[in-house]
Amino acid sequence: MIMERKRMDCPALPPGWKKEEVIRKSGLSAGKSDVYYYSPTGKKFRSKPQLSRYLGNAVDLGCFDFRTGKMMPSKLQKNKQRLRNENFNLFKGKPDLNTSLPIRQTASIFKQPVTKVVNHPSNKVKSDPQRSSEQPRQLFWEKRLKGLRSSDVTEEVLRTMELPKGLQSVGPATTDETLLSAIASALHMSSTPITGQTSAAAEKNPAVWLNTSQPLCKAFVVTDEDIREQELKVHRARKSLEEALMVDGLARAAESTRDTDI
């Protein structure tokens, strides 16, 4: 990837500090830029928290804008106002942390079956409470999640997961994106095993035979080999995380030692 680097002095920081802006010239992220800061000794900083930990109380970075390298008092004022509003909202009530999915449930328009008990003393009409409490659920509601993307703190869109080849979607105009949302939603909402649409009729006419408690995919089976492969991936990920934490710990220890010597 071709990049253009611009390094300049940063007057907002102590003398000797440099700001570097790296502009990407090619690839999918062409035009975007990354900002780094260098101490007088050449140490590189990639984020404002790293910079704050290193400078400590020597420089107040409360209104420091990491991207522009300038002190912005108006930004500090906005942050203070936001904190005041958040504290005020805490007294008003708890925030809405509802994680329910956008499934539309409407009252049934069909007449509920009743049973007339003739030999009952007052001939009261009884209904089945389980049947009357059941409400129809909207089909293919997972398509509402289409187009939603997760992003990191820099608003960079995260790479989506790749589903196994054995998973095939069911329903009109369904995509891998819809299938991923459907499976994730089913795992989040249901306590029953996720098996997919076990009825072959659902593939021919999903609008009639679709099981709404299962995701929009054909029936699948998780084998022992799949489980072992997933366990191996988890083991590798934990190993990589352990190594990264160890390297970070050693770097912090070396940095503390160097600061003590200075």
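Start with the whole chain and its contacts (heavy atoms within 4.5 Å). Among the contacts in the protein chain with a separation of 6 or more, 43% are between residues 24 or more positions apart. This is a predicted model, in which local features need pLDDT of at least 70 and side-chain atom pairs count only at pLDDT 80 or more, while totals for chains, interfaces and linings use all residues. Residues are numbered from 1 along each chain as its sequence is written, and side-chain values use heavy atoms, with hydrogens and water left out.

Colour by accessibility next. Accessible areas come from the Shrake-Rupley method with a 1.4 Å probe, and for residues only the protein chains shown count as cover. The accessible surface of the protein chain is about 20200 Å², and carbon and sulfur atoms hold 55% of that. Buried means under 20% relative accessible area, exposed over 50%, and partly exposed in between (1.4 Å probe, protein chains only). Of the 262 residues, 19% are buried.

Switch to a cartoon. Helices (H or I, at least four residues) and strands (E, at least two) are DSSP runs numbered from the N terminus. The protein chain has seven helices and eight strands.

Select S1 to S4. These four strands form an open sheet in the order S1-S2-S3-S4, with antiparallel pairing. Its edge strands, S1 (3–9) and S4 (44–45), each pair on one side only. Two strands pair if DSSP finds at least two bridges between them; S1 and S2 (residues 18–24) run antiparallel and are joined by seven bridges. To see one of the partners, pick glutamate 4 and then isoleucine 23 in S2.

Now show side chains for Cys10, Leu13, Trp17, Val35, Tyr37, Phe45, Leu51, Leu55, Val59, Leu61, Phe64 and Phe66, the 12 residues of the largest nonpolar core. Strand S3 (33–38) and helix H1 (48–55) each supply at least two residues of this core. Such a core is a set of buried Ala, Val, Leu, Ile, Met, Phe, Trp, Tyr and Cys residues joined through side-chain atoms within 4.5 Å.

Centre on phenylalanine 66. Beyond its neighbours within four places in sequence, phenylalanine 66 contacts Val35, Tyr37, Phe45, Arg46, Ser47, Lys48 and Leu51.

A disulfide is a pair of cysteine sulfur atoms within 2.5 Å, and the count is zero.

Finish at helix H4 (residues 176–189). The expected span is 1.5 Å times one less than the number of residues; for the 14 residues of H4 this gives 20 Å, which agrees with end C-alpha atoms 20 Å apart. Buried residues in H4 include Thr178, Leu179, Ser181 and Ala182.
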